[in-house]
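Biologist: Please pick one part of this model and take me through it closely. Then set it in the context of the whole chain.

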Amino acid sequence: MRTLMQQGFGFSWVLPEGAELIKKSLAPSCLFIDSEQFAQTNAKHRFEKRGIAAFVSVAAPLSVLAHERGWAVAVEAAKSDPAVLGGQRAERVVQAVANACDQGADAIVICDELFMPGAQIDPFFALEHLMPCYQELVQAATTAGIPAVFHTQGDARGLYPALAGVGFAGVHVAHPQPDRVRELFSAARESKLVPIGGIVGEGIMERPLDEAVALAVELAQGGPAIICDDGTLEGEDQMARAAQVLTEARRRCHG
């Protein structure tokens, strides 16, 4: 069984827009890439050539349903009949995880946005109905020897123990408040999960560069951590600023 890296510096879903930027900046430890993009390109070869771990993302059944019907409708449908998360929809997602592992993923990122405005998931519903879905996906990854990471926007710390319990190795922390990010990193570590994140996309152009770097360094030095953006970067300017943060944070951590 391959283990999830305990330290590193990476980017989330910045391809293809940020491809040239990444080539010109530091060599990231890992990059997130959508499973369909990973399967339809020679990304694995290009990642391996540069020593970059491929964190391949797959949408969980609730997110698949939301892409079909919209978030508000999907959440209400799942609450009314949790069986809509199973069947062929779940089978396709499990197969997508298995395919990504076969194609050379270094980690699988299971994505579910549980805190969408107007369509938030109750924690009890998540524990009773979503966690078994996640466990099946994690098992598909770990059976292939690949670690799994969970991604959602917002404060999901209440789910961290359960996520660790079903076999996740890490969590992608995505919250717009830097102080809350600190708390989420600590909560993840307490649950024996590797936190991934630390670069807050919201307000990144207005936030002083040194302030963002200081947070990244603090989180990197506080325990297991992969310093990465939170998945909310928009446009080349924000990507360039995130690259600056990563480059300087890595320099300060490694000298």
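Modeller: Six residues of helix 4 are buried: Pro61, Leu62, Ser63, Val64, Leu65 and Ala66. Buried means under 20% relative accessible area, exposed over 50%, and partly exposed in between, with a 1.4 Å probe and protein chains only. Helices (H or I, at least four residues) and strands (E, at least two) are DSSP runs, numbered from the N terminus.

This is a predicted model: local features need pLDDT of at least 70, side-chain atom pairs count only at pLDDT 80 or more, and totals for chains, interfaces and linings use all residues. Residues are numbered from 1 along each chain as its sequence is written, and side-chain values use heavy atoms, with hydrogens and water left out.

Helix 4 spans residues 61-69. The cover over its buried residues includes strand 3 (53-59), helix 5 (71-80), helix 6, strand 4 (107-111) and helix 7 (123-143). After helix 4 comes Gly70, with a positive phi near 95°.

Now take helix 6, residues 87-102. The two helices pack at an angle of about 115°, and their axes are 9 Å apart. Axes are lines fitted to C-alpha atoms, for helices over the stretch in contact; angles run from 0 to 180 degrees between N-to-C directions. The crossing of helix 4 and helix 6 is right-handed, meaning that the near helix is turned clockwise from the far one by less than a right angle.

Which residues of helix 4 and helix 6 meet? Helix 4 brings Pro61, Val64, Leu65, Glu68 and Arg69. Helix 6 brings Arg89, Ala90, Arg92 and Val93. Contact means heavy atoms within 4.5 Å. By class, five of these residues are nonpolar, none polar and four charged. Ala, Val, Leu, Ile, Met, Phe, Trp, Tyr, Cys and Pro count as nonpolar; Asp, Glu, Lys and Arg as charged; the others, Gly among them, as polar.

Ser35 sits in helix 2 (residues 35-40). Ser35 counts as buried because its relative accessibility is 17%. Leaving aside neighbours within four places in sequence, Ser35 touches Val56, Ser57 and Val58.

Now the whole chain. There are 11 helices and 10 strands. Eight strands form a closed barrel in the order 1-2-3-4-7-8-9-10, with parallel pairing. Two strands pair if DSSP finds at least two bridges between them. Strand 1 (residues 7-11) and strand 10 (residues 225-229) run parallel and are joined by three bridges. Of the 255 residues, 53% count as buried.
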